[in-house]
Amino acid sequence: MCLFCDIVAGKIPSTKVFENDKVLAFKDINPQMPIHVLIVPKKHFDDILDMAASDEGKEALGDVLEAIPEVVKATGADEGFRVINNCKEYAGQTVMHVHFHILGGKKFTEHIV
Ligand code: 5GP
Ligand code: ZN
C-alpha cells in the first residue's frame, strides 16, 4: 500500500489544489510555509531516480512541470516559491511515492543553496 496512491485514488481525503488526468496537487497536511502543496504524478514512482529510469517517468516529470504554473495560479504563489524534492533517506523522504513540494506565501529567510 502507498499513501499517495491512496490519496490519488480518493481512498484517503486531501485538499485538492489542481488535478488533471496525469497529476494531482494537494495541500500538505503539515504545512511548513503559508503555501505548501505537494504535486504527485498519478502513476506510482518511488522517487526521482525511479522517474528518470523510464520514458514513462520522464513524461510524468513533464506532466509535473506543466502543473506548476497551475498550482502557482491556484495558490497565489506568484511572488516566488521553491520546488523541493527529497530523494531517499538522507534527504528525509518519508513517503515513497515521488512528490514535489511547492513552498511559498512569504519570503524565505534561510538560503542553504
Ligand atoms: P517528504 O518528507 O517525503 O519529502 O514529504 C512528505 C510530506 O507528506 C510531508 O511534508 C508530510 O507532511 C506530507 N504528508 C504525510 N502524510 C500526509 C497525508 O496523509 N496527507 C497530506 N496531505 N500530506 C501528508
Ligand atoms: Zn504510490
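**Around the zinc site and beyond**

Let's start at His44, which counts as partly exposed at 29% relative accessibility. Here buried means under 20% relative accessible area, exposed means over 50%, and partly exposed is whatever falls in between, using a 1.4 Å probe and protein chains only. Before going further, a word on what you're looking at: this is a predicted model, where local features need pLDDT of at least 70 and side-chain atom pairs count only at pLDDT 80 or more, while totals for chains, interfaces and linings use all residues. Residues are numbered from 1 along each chain as its sequence is written, chains are lettered from A and ligands numbered from 1 in the order in which they are written, and side-chain values use heavy atoms, with hydrogens and water left out.

The zinc ion (ligand 2) is held by Cys2 (SG), Cys5 (SG), His44 (ND1) and His97 (ND1), at 2.1 to 2.3 Å. To count as a donor, an N, O or S atom has to be within 2.8 Å of the metal (3.2 Å for Na, K and Ca); water is not among the atoms, so sites may look incomplete. The angles among the four donor atoms run from 104 to 118°, and the site is tetrahedral. That label applies to four donors if all angles lie between 85 and 135 degrees; four are square planar and six octahedral if opposite donors are over 155 degrees apart and all others between 65 and 115, and anything else is irregular. For reference, the ideal angle for four tetrahedral donors is 109.5 degrees.

Along the chain, the zinc donors follow the spacing C-x2-C-x38-H-x52-H. Helices (H or I, at least four residues) and strands (E, at least two) are DSSP runs, numbered from the N terminus. Cys2 is buried, at 15% relative accessible area, whereas Cys5 is partly exposed at 26%.

What about disulfides? A search of the whole structure finds zero of them; a disulfide would need a pair of cysteine sulfur atoms within 2.5 Å. Cys87 shows why: its sulfur is 15 Å from the closest cysteine sulfur, in Cys2, which is too far for a bond. Cys87 is partly exposed, at 22% relative accessibility.

Now for the rings. There is one aromatic pair, and it is Phe4 with Phe26: edge-to-face, 5.4 Å centre to centre, with 80° between the planes. Phe4 lies in helix H1 and Phe26 in strand E2 (residues 23-27), so the pair ties together parts that are 22 residues apart in sequence. Both Phe4 and Phe26 are buried. The rule behind the pair is that rings of Phe, Tyr and Trp (its six-membered ring) have centres within 6.5 Å; planes under 30 degrees apart are stacked, over 60 edge-to-face, and the rest tilted.

The charged end of Arg82 sits over the ring of Phe108, 3.8 Å from its centre, and that of Lys43 sits over Phe45 at 5.6 Å. This asks for NZ of Lys or CZ of Arg within 6 Å of the ring centre and within 35 degrees of the ring normal.

How many salt bridges does a search of the whole structure find? Seven, where a salt bridge is a side-chain nitrogen of Lys or Arg within 4 Å of a carboxyl oxygen of Asp or Glu. One of them joins Asp47 and Lys88, at 2.7 Å, N to O. Asp47 is in the loop between E3 and H2, and Lys88 in the loop between strand E4 (81-84) and strand E5 (100-104), so this pair links parts 41 residues apart. Asp47 is buried at 5% relative accessibility, while Lys88 is partly exposed at 43%. The backbone of Lys88 is worth a look too: phi is near 70°, a positive value in a residue other than glycine.

Lys11 and Asp6 form another salt bridge, with the closest N and O atoms 3.9 Å apart. Lys11 is exposed at 64% relative accessible area, whereas Asp6 is buried at 13%. Finally, Lys16 and Glu19 come to 3.3 Å between their closest N and O atoms, and these two residues join Lys42 in a network of salt bridges. Glu19 lies in strand E1 (residues 16-19) and is partly exposed at 36%; Lys16 is partly exposed at 49%.
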